[in-house]
Amino acid sequence: MTTTSGPVEVGPTETDLLHLRRAIALAVQARAAGQHPFGALVVDESGEVLVEAENHCRPPEGDPTQHAETVAVRRVARMASRERLARATLYTSAEPCAMCAGAIYWGNIGRVVYALSESKLFEITGANAENPTLSLPCREVFARGQRRIEVLGPLLEEESAKPHEGFWR
């Protein structure tokens, strides 16, 4: 568990784990609604939950860019200043893909905490056409940027894998 640059983080706080479990619960809700099982939320530095989001990629209303993280970033960018977002944390049930990492970067969110790693997700989904995994960790995407984004994860991988059980067959 390292950050993209700077000091090594010692580990998650109880608050981190609480919000991460909420992201996993959102993934369960997304699956129950017929969507891919992913969830995300953005929390400001004082602990206020600014937005919650579920994946919304599947037809008929969804589109492939509506991952939980991008939905959350779009919503929060309309309501919070860039300065507030720079001190905020995005919690997500799975490691942000390259598209989501870009949205997080351009949305100016300063910290990401994720549960399921991209590599573990690929073990679960395989070559499923609905989840064409890019083997590109979010830390690598963030490392190419001009500003630092703190990353903590993977965490709670067994818990975060549960909403995916039997889904990708």
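Helices here are DSSP runs of H or I with at least four residues, numbered from the N terminus. With that in hand, welcome to a predicted model whose open sheet has 5 strands and whose largest pocket holds about 380 Å³ of space. Helix 2 (68-77), helix 4 (98-106) and helix 5 (118-125) each supply at least two residues of that pocket's lining.

**The sheet**

- Reading across the open sheet, the strand order is 2-1-3-4-5, and the pairing is mixed.
- Strand 2 (49-54) and strand 5 (150-152) form the edges, each pairing on one side only.
- From one strand to the next, the twist averages 15°.

**Strand 1 and its partners**

- Strand 1 (residues 39-43) pairs with strand 2 in the antiparallel sense over 5 bridges, and A40 has A53 as its bridge partner in strand 2.
- These two strands form a hairpin with 5 residues between them, and G47 in the turn has a positive phi of about 100°.
- Strand 1 also runs antiparallel to strand 3, to which 4 bridges join it; here V42 has L90 as its bridge partner.
- Strand 1 is mostly covered, with 5 of its 5 residues buried.
- G39, L41 and V43 point one way from strand 1, while A40 and V42 point the other way.

- Helix 2 lies across strand 1, strand 2 and strand 3, and runs at about 145° to strand 2.

**How helix 2 is enclosed**

- The buried residues of helix 2 are A68, E69, T70, V71, A72, V73 and V76.
- Their cover includes strand 1, strand 2, helix 3 (82-86), strand 3 and helix 4.

**The largest pocket**

- The lining of the largest pocket has 24 residues, and H67, C97, E130, N131 and P132 lie nearest its centre.
- Helix 4 gives the largest share of the lining, 3 residues.
- By type, the lining residues of the largest pocket divide into 13 nonpolar, 5 polar and 6 charged.

Key. Residues numbered from 1 in each chain as written. Predicted model: local features only at pLDDT ≥ 70, side-chain atom pairs only at ≥ 80, totals over all residues. Heavy atoms only, no water. 1 Å grid on protein atoms, 1.4 Å probe; cavity = no way out; pocket = protein on both sides within 12 Å on 5 of 7 lines; lining within 4 Å. Points joined across faces, edges and corners; volume = space filled by probe spheres on them. Nonpolar A, V, L, I, M, F, W, Y, C, P; charged D, E, K, R; others polar. Pairing = 2+ DSSP bridges. Axes fitted to C-alpha atoms, helices over the stretch in contact; angles between N-to-C directions. Contact = heavy atoms within 4.5 Å. Buried < 20%, exposed > 50% of the residue type's maximum accessible area, 1.4 Å probe, protein only.
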